[in-house]
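Have the sequence and the 3D view open side by side while you read.

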Amino acid sequence: MTQDPLVVFTPSGKRGRVPAGTPVLDAARRLGVDLDSVCGGRGICSKCQVAPAYGTFSKHGVTAAPDALSEWNAVEARYDAKRGLKPGRRLGCQARVMGDVVIDVPPESQVHRQVVRKSATLRAIEMDPATRLHLIEVAEPDMHEPAGDLQRVAAALAAQWDIPEVTCDVSLLAKLQPALRKGGWQATVAVHSPHSGATPRLLEIWPGLHEGGLYGLAVDLGSTTVAAHLTDLDTGEVKASSGIMNPQIRFGEDLMSRVSYAMMNPGGAAEMTAAVREAIDTLATAIAGEAGIDPALIVETVFVCNPVMHHLLLGVDPVELGQAPFALATSDSLELEARDLGLGAINPRARAYVLPCIAGHVGADAAAVALSEEPWRAEELTLVVDVGTNAEILLGDTSRVLACSSPTGPAFEGAQISAGQRAAPGAIEAVRIDPETKEPRVRVIGCDLWSDEPGFAEAVGPGGVTGICGSGIIEAVAELRMAGLMDESGLIGSAAQTGSPRCVSDGRTQAYVLHDASAEGGPRIMVTQGDIRAIQLAKSALYAGARLLMDQRGVDRVDRVVLAGAFGAHISPRHAMVLGMIPDVPLDKVTSAGNAAGTGARIALLNRAARAEIERRVREIVKVETAIEPRFQEHFVAANAIPHAVDPFPELAAVAPLPRVAFNTGAGGAEGGRRRRRRA
């Protein structure tokens, strides 16, 4: 018997089989996917646009043939002719599922838009940007002293601003003469002076005094999200911060899935490059509009990203990063023209700077975190953890700094979770469970009230509670452990074992009902055994990476822990330690650095000396490759327990004593599993 087609929706990761011929919009609704539509499926509103992906997706176990969706119909053709569809887009109400397929729901098609929580962190930065404005008085042409207008501009810069030599793109020559004459031989020029000492370049010219400002973009290109900070190059002020989902997520949620896609699909790398470049262009246009500035005033960009994103941004096939010895095409910083990266929304002569990578799996994002946190200046032994789909970990003090990357996967972002979703209004972001009554209360994004406070339902609005995001599932699992509803191995007890009717049967395992609005037609949000397993795998990888660095330093404890990224700003140190995500330290020694990678990008954007320093520092950082370290697996297995199988966590015991419980304690159950792990 032929199976119905399998549909996988990204970025939610929700999947299921639907009968052949089912409209994509109907499939999305059937599977609980967040896909908008207001016209009743008549192909008028365009809210249900989707982006199907074809090829082999090993992560999803799907091979999507080119005919996985029905051919364009007359409604789509009419809409495209009148209003236009982006290349590769389909209308979900018109396209029908004919075979196995992966379908991406872009941000603008989602009812509950994601909140990208990588906001700019307040930071004092010494201003020395590579691109500056200079007002010059230019000598008028003289028949007796033959010289071109460009040469007279260069002479004015040399005499008035001590810039001895400049070059310019041929496209600027077309603007040069009209600007000089319109300004009465007075002009403002934007000059880019590389920190490397290379010849400065003229990027733009305006007649007379230009008072419209000059801007740069600091871009944190992550596996899951792309965040950008529009920054004033004169004052350092962040004019706007915004972010979007990385559209590459439809090719795979984690980095190795994307490398695999490139390996298995000819042209796959180019496809992913085009997708992310288009996303960056879209983001640049949106952020300029938000700030109310002309995108042509954006004359410089700085990029930080992990090695796979680094290669795909540059248009380099990342296949070598998927196998030992994990060779980078280049580890050095790059200074190039932004248009070489396919960026067309900003100034056509804008410059781009890409921070150096540290190693094959430790990229420019880790270098940016290092630039922001400067562990080489710390007197205390400091562990810096930037948590995302791939965790960057630094350990160091004034003597030396070590770095590694750990494959945590997308669970911390809310993916691979039964009721998981990206951070959006209505998503549970914080959880507390009363250890006596075993009853929960939750707080959702977009509402400051807890669910047990008066007015919560009205404050949340008609959309209600929609799911649970990364910070919410982390706190939920930790709270289950503290309330005695889950044992050290991660097993949830039954209602009889825990005394809570919220513990319900879920197949062969138990689940905890966190929120139930099914009576009103809303969702029933549970923490399942599969959810806990996903969090255990993610936190074990993170902890194992940190322990490897500690092994290299010959220490069992660190003095201080810095949590970076959106995770660091939205999860309490207590919950992180209950899970065993980070080594045991006094809670007052755990701090948040906010979006450290984004801060590092802004520092590099605004200070030329910082670029030179990080280029020097990355050569001094000791790299540890988790993929080939034999002790990684040992640490990983021990860290599966919550908080840990062998580490005593004495500091945690003082602030969050964990009850001793064990469920299903037969030879094949939790206790047997613990004995097997200890023998291993």
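In what order do the three strands of the open sheet with mixed pairing stand? The order is E24-E23-E25. Keep in mind that this is a predicted model.

**The three-stranded sheet**

- E24 and strand E25 (467-468) are the edge strands; each has a single partner strand, so one side of each is left without a neighbour in the sheet.
- Helix H10 (residues 470-482) packs on this sheet and touches E23 and E25. The direction of H10 makes about 15° with that of E23.
- Strand E23 (residues 427-433) runs antiparallel to E24, and five bridges join the two.

- Which side chains of strand E24 (residues 440-444) are buried? Pro440, Val442 and Val444 are, and they point to one face.

**Strand E13 and its partners**

- Strand E13 (residues 201-207) has six of its seven residues buried, so it is largely enclosed by the rest of the structure.
- E13 pairs with strand E12 (residues 186-192) in the antiparallel sense, over six bridges.
- With strand E11 (residues 167-168), E13 pairs in the parallel sense, over two bridges.
- Leu202 of E13 is a handy landmark: Val191 has it as a bridge partner, and Cys168 stands opposite Leu202 too.

**Two helices that cross**

- As background, a packed pair of helices is described by two things: the angle between the axes and the distance between them.
- For helix H8 (residues 364-373) and helix H15 (residues 596-606), the axes come within 7 Å and cross at roughly 80°. That makes H8 roughly perpendicular to H15.
- On the H8 side, the contact is made by Asp365, Ala368, Val369, Leu371, Ser372 and Glu373. H15 brings Ala596, Ala597, Thr599, Gly600, Ala601, Ile603 and Ala604.
- How many of the residues in this contact of H8 with H15 are nonpolar, polar and charged? There are eight nonpolar, three polar and two charged.

**Cysteines without a bond**

- Searching the whole structure turns up zero disulfides.
- Take Cys305: it is in no disulfide, and the nearest cysteine sulfur, that of Cys357, is 6.6 Å away.

**A serine in a loop**

- Ser70 is in the loop between strand E6 (62-64) and helix H2 (74-82).
- Ser70 counts as buried because its relative accessibility is 17%, and the cut-off for buried is under 20%.
- Leaving out residues up to four places away in sequence, Ser70 touches Arg90, Gln94, Ala95, Arg96 and Met98.

Definitions and conventions
Residues numbered from 1 in each chain as written. Predicted model: local features only at pLDDT ≥ 70, side-chain atom pairs only at ≥ 80, totals over all residues. Heavy atoms only, no water. Buried < 20%, exposed > 50% of the residue type's maximum accessible area, 1.4 Å probe, protein only. Helix = DSSP H or I, 4+ residues; strand = E, 2+ residues; numbered from the N terminus. Pairing = 2+ DSSP bridges. Axes fitted to C-alpha atoms, helices over the stretch in contact; angles between N-to-C directions. Parallel < 35°, antiparallel > 145°, perpendicular 65-115°, else oblique. Contact = heavy atoms within 4.5 Å. Nonpolar A, V, L, I, M, F, W, Y, C, P; charged D, E, K, R; others polar. Disulfide = S-S within 2.5 Å.
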